[in-house]
Amino acid sequence: MTKTITDVICPFCGTLCDDVEVVVSDDGKQLLEVYNACVIGTEKFLHSQSKDRVTRPRLHQPDGSWKEISYDEAAEYTAQMLANAKKPLMFGWSSTNCEAQSVGNEIAEITRACCDNTAATCHGTSLIAIQDIGLPSCTLGEIKNRADRVIFWGCNPAHAHPRHMSRYSIFPRGFFTSKGQMSRKMIVVDPRVTDTAKMADVHLQVEQGKDYELLNALRVAFKGEWLPDVVAGIPKEKIREAADMMKSGRFGIIFFGMGVTQSLGKNHNIDEAIAVTKDLNEYTKFSIMPMRGHYNVTGSGEVFAWQFGFPYAVDLTRGFARYNPGDTSTIDLLIRGEVDAMFTIGSDPGAHFPISAVKQFAHLPSVCIDPHLTPTSGVSKLHVPVAFNGVETGGNCYRMDNVPIDCRKVVEPPEGMLTDEQFLIKVRDRVRQLKGAA
Amino acid sequence: METVTITMKNPPALYLEADNVSPDTFAGKTAAQIGDLSVHEGNTTSTLGKYFEISGNAGASAADTKIVIKGDVKKVKYLGFKMSAGEVAVEGSTDQYAGAWMTGGKMQVKGNVDAFAGIAMKGGELSIEGNAGNYLGAAYRGDWRGMSGGRILVKGDAGSDIGMYMTGGEMIINGNVDVHVCTHAEGGKVIIKGNAKTKVGGQMVDGTIFVFGTIDVMMPGFKPAGEVEMEVDGVKGKFAHYIGDTGERHKKKKGQVVYANLYKKI
Amino acid sequence: MSEYIIKNGHVFDPVQGVKGDKADVSIKDGKIVDKVGSGAKVIDAKGKTVMAGAVEIHAHIAGPKVNMGRIYRPEDKLFTCTPTRGMERMGGGNSIPTTFKTGYEYAKMGYTTAMEAAMPPLFSRHVHEEIRDTPIIDEAAFPVFGNNWFVLEYLKDHEIENTAAYIAWLLRVTKGYAVKVVNPGGTEAWAWGLNCLSVNDPVPYFDITPAEIVKGLIEANEYLGLPHSLHIHPNNLGNPGCYETTLDTLKLAEGIKARNKFGREQVMHLTHSQFHSYGGTNWGDFESKAKEITDYVNKNKNITIDTGNVTLDETTTMTADGPFEHHLTGLNHLKWANIDVELETGSGVVPYIYSPNISVCAIQWAIGLEIALLSKDPMRCYITTDHPNAGPFTRYPRVIKWLMSTKAREAQINAFKHKDKVLSQTGLGTMDREISLYEIAQMTRAGPAKSLGLSGMCGGLKPGMDADVAVYDFNPDKPVVNPDDIEKAFSRCAHVFKSGVEVVTNGEIVNNGHKRTLWVNVKVKENPQVMRDINEKFLKYYSITQANYEALGHHFVPNPYTVEVDATQVQV
């Protein structure tokens, strides 16, 4: 027999769909079917069932092979590595829950480490912009119920946040948007003709690296000032049309992603996009929202912020918190050879970082906490697999609009596997002893 | 003026944070006492004397103190941090935060500096013979009050994000600069004698930028306002004048809108 | 060590009417008791002031807009972070402290209970995570109701019982404490970029006025008999001339009697009244209407207020009054964050510098003090800074100094660039009242506790109450030579006990105690209509499911303290 668990939260992307249904065996040990999730989310649940999972920690041997060790031995290795390092770096945190993130913070504080999350290669630049200019925003339900102008700038939700448009931004029939998609005008700004762009009423094919200029031109257009004939490959007439379309709505939203956060301009692109949003509030109602990638990178930022004061790139080496991306951010720390130990959890820097940063892992003592075999686990000295967060253990997570949703456990992890939180508690208790901390 | 010379003898494995190396902190101390000042390598705290050879005593006050820094300090951050008077002379290149938050005095670097040199500067003079990194004379993260006074001179090139949120003071870059010049500035003056790339003057409320060389792509928010003959830092010439950022807010003086000014040498 | 005797201190306890007499305070097993055995640990309080732990009735210390403030203001922490030290976790933030720092700083000043002033219900999990991570002090959170779609729809048809049932449900699923109202109707209007600036401006689409919202919520609150009353931030905050809207709002409570089993006597609590006591028509003729507001409150005893004192610092404003924050960024051009919350509320964050060189700021400072000095009943007027809006809560000792010393007030007035404006636009220059220690105890302990319906538990030193005790290095018998000594004494306690555990000794944290999260569990008659309405709105309009909205497991509230209310027998 089976049972169906409802209101399951999908632990993959920042859309954090919470209407997933999972069918499990009666004894709760097998996950059988997934309903309502997109193809990525479905796989997130189903792949936890693969028969070839690594279920115990393994230590990289000098000859390149792996030797299985116990969780206790792994915790000892990790604690020693962090306690003995002059500048350890604890990176990732985005694919685990807030409870684990909090224990990680305790460890970082005791060992005086640097800690950072995947915003470092993603929306960290958005955070810098928010720090410079603010953020007029709202929750996703506001979009569903009110928005009639939806702009996707430098992002491709059709691929990266597959259910975003159906749950929140384009298709839903909300309280004030009973005509659904027909209530809304969609603008996509992207150099590529993506599947999202194909759905748009207006597609501005901005010249690569010129988003900042185009955003500036929109602000100029709002004020009715002089414009050059072409900006960022877009004729000024089209820019003025887009500006008018935005102003004429009664509730607009700009969603943005890596197309602007990690292309030339970075935080300045976001800064100017936020300025566009702020300007539009003189004429109508407008908000802006980052399309966060990992399902709990937002949570990591929140927990870092309420405990240390900064949302990412936090340096605790002096016994108090300091922050300055460029100095305290992970890629810079690695490339400049600033750190002497690398701890990764809930992320895959080996796959996503510039190769010059990943190469540093080879010289450094390194630990990777991840249920999967990844490029990161491959280059780390110790690989500690753990239960899948949001599938085999619950815990609080934060959606891309900062709404907190408590993920559920739907199935048992393989026999004897620990969760992130359980493993981190072992590490924390051991570093407390090693450092003689309170 | 009394001179203290510190020479790197024991390079760090990681990087050093030498925020105590400033005339203000050295003032009134002997070489031995200076050697006992703390310095940080990651989460370990040590003394200056463990890394540097120290000779000479400091003056009674910051204004009476000159610090000469020799040897390889390419992995030393925060030299000249928060100095208010006196002199600091670095004979080679150094890392981040050179002269950061300085309010007075003179700092000179014979080589290059890395990022965040002279951030939030309030006064004094910072001169760099080599190249400067990113965020030269910029504001600290989140602060709308950036460089407000003093002078920064760079003989070579500078990186990106120079003069962000600048409100006063002056910067002269003899070489080229990377993207984002004077973003969000509300005052101050920046002279670039080489070439600029793009995103010059974005979101500027007030202030002045001179570019002698080329600008690859102009911000659309800067509209042409004629040509003018000027003398800038001893160089006479004709400049194309632009005012902007027309997308940004501006103050009014005597009923007239006050724009930021961008002059590009013709 | 569960028995203590605090000996020979000068005790100020409005609950028992003790006005500075030398008396002993005995603690056993977490409570104040009549006497303890000879084995009790002796705390020498000779020459010191002893009061109950203070009760913070309104501060923004936990939740999404507070954390947005932290995230977007790294400069609030530059060079001022405090290191890990012994059992104290590291801390940072001048105007928006991190959660650990928040707990420690309140405790060190002798505060043992604090109310998070505004919880957006959708974010209850976030609020409770931050409350859980704030050490030592007991806390509670007020969910906001004044722009909530259920409330707007029910009250349009004056359905009090349904409103009450909804309130009971929401308090339970969010583990909330009281009915908070912020800019009633105006924040829903702000979701379209509009606002409600008077009590009669109808809310777009919902077509109900702020007056109807407020009146209906007062009735629902009294129907339920909740421990606290409606707690309101009226429309039109911060604008010259807004005092009229404030009086219109206060008048909505006329003739209504409190109905509850907690000793609460007010039906409306007006919060941060300083921001709501402005006259004039623009920033040029801006003036104080503190007298008009306090005259009304003095006469109408079913109202309590808190001050919202300006402390003349660089701080961060944050409020569920979203449109106000948009207005403020238009004035000072500083970075603006805004979070509109579906079906419920909104919020905004903008930094602000209360400069002593700006006449408006000086007048605001004066108004906050006038309100306290003109209030005749210290049991109905409480000291706050609407942290961090008018200033950080760490400035309470400075506010106490200004209230207790005309000399200190004069020194500040003389230091203003536009002293003349303070004297012409406010009445502060001629006020020579000096608030006494006993009155301070009323305004920071017994008064707020009573208003919150917690008078049996905290705010006093009567046997049976929780052993929340603060001992200050301040000798009431010695005349004050330098008013700064008042500020110094109230900044760092000699001893603080929380629920009978010594948590602060000589200004240092020595124990984290076992903080509790207070919340109100109201039983009401079954109401299938309201339950159906709730189901429907989750199905159609919310962006999360009802089950996930209601999820607030043990890991969020590990040590709850439930205040039970039975409203099943009430007739409308």
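Predicted model: local features only at pLDDT ≥ 70, side-chain atom pairs only at ≥ 80, totals over all residues.

Student: How many residues does the contact take from chain A and from chain C?

Tutor: Residues count as in contact when heavy atoms come within 4.5 Å. Here, chain A gives 64 residues and chain C gives 57.

Student: Which residues in chain A lose the most area to chain C?

Tutor: Those are A:Glu109, A:Phe175 and A:Trp306, and together they make up 15% of what the chain A side buries.

Student: What area do chain C and chain B bury between them?

Tutor: About 880 Å², with 71% of it on carbon and sulfur atoms. On the chain C side, C:Glu75, C:Leu78 and C:Phe79 lose the most area to chain B, together 46% of what that side buries. As for residues, this contact takes 11 from chain C and 10 from chain B.

Student: Now the chains themselves. How many helices and strands are there in chain A?

Tutor: Chain A has 17 helices and 22 strands. Its radius of gyration is 23 Å, close to the 22 Å that the globule rule gives for 438 residues, so chain A is as compact as a globular protein of that length. If you draw a box around its C-alpha atoms along the principal axes, you get roughly 65 × 55 × 40 Å.

Student: What share of the residues in chain A is buried?

Tutor: The cut-off to remember is that buried means under 20% relative accessible area. By that rule, 68% of the 438 residues in chain A are buried. The accessible surface of chain A comes to about 13,700 Å², and carbon and sulfur atoms hold 51% of it.

Student: Let's do chain B. How many helices and strands are there?

Tutor: Three helices and 19 strands. The radius of gyration of chain B is 20 Å, close to the 18 Å from the globule rule for 266 residues, so chain B is as compact as a globular protein of that length. Its C-alpha atoms fill a box of roughly 60 × 35 × 35 Å along the principal axes.

Student: What about burial and contacts in chain B?

Tutor: In chain B, 61% of the 266 residues count as buried. Of its contacts with a separation of 6 or more, 38% come from residues 24 or more positions apart. Chain B exposes about 9,200 Å², and carbon and sulfur atoms supply 45% of that area. For charges, chain B has 30 positive and 29 negative side chains, and the centres of the two sets lie 4 Å apart.

Student: Can we zoom in on single residues? Is A:Ser94 buried or exposed?

Tutor: A:Ser94 has 0% relative accessibility, so A:Ser94 counts as buried. Look for it in the loop between strand E6 (88-92) and helix H3 (98-111) of chain A. Leaving aside neighbours within four places in sequence, its contacts include A:Asn117, A:His294, A:Tyr295 and A:Gly346.

Student: Where are the cis peptide bonds?

Tutor: Omega is the angle to check. A cis peptide bond joins B:Gly244 and B:Asp245, with omega about -15°. B:Asp245 is in the loop between strand E16 (235-244) and strand E17 (251-253) of chain B. Another cis peptide bond joins C:His387 and C:Pro388, where omega is about -5°. C:Pro388 sits in the loop between strand E18 (381-382) and helix H12 (396-404) of chain C.

Student: What is phi of C:Asn236 and of C:His272?

Tutor: The thing to look for is a positive value in a residue other than glycine. Phi of C:Asn236 is near 70°, and phi of C:His272 is near 35°. C:Asn236 lies in the loop between strand E10 (230-233) and helix H8 (243-251) of chain C, and C:Asn236 is buried, with a relative accessible area of 12%. C:His272 is in the loop between strand E11 (268-270) and strand E12 (278-279) of chain C; with a relative accessible area of 2%, C:His272 is buried.

Technical notes:
Residues numbered from 1 in each chain as written. Chains lettered and ligands numbered in written order. Heavy atoms only, no water. Helix = DSSP H or I, 4+ residues; strand = E, 2+ residues; numbered from the N terminus. Rg over C-alpha atoms; globule rule 2.2 N^0.38 Å. Buried < 20%, exposed > 50% of the residue type's maximum accessible area, 1.4 Å probe, protein only. Areas by Shrake-Rupley, 256 points an atom, 1.4 Å probe, with all protein chains shown as cover. Buried area = accessible area lost by both parts, 1.4 Å probe. Lys, Arg positive; Asp, Glu negative; His and termini not counted. Charge placed at Lys NZ, Arg CZ, Asp CG, Glu CD.
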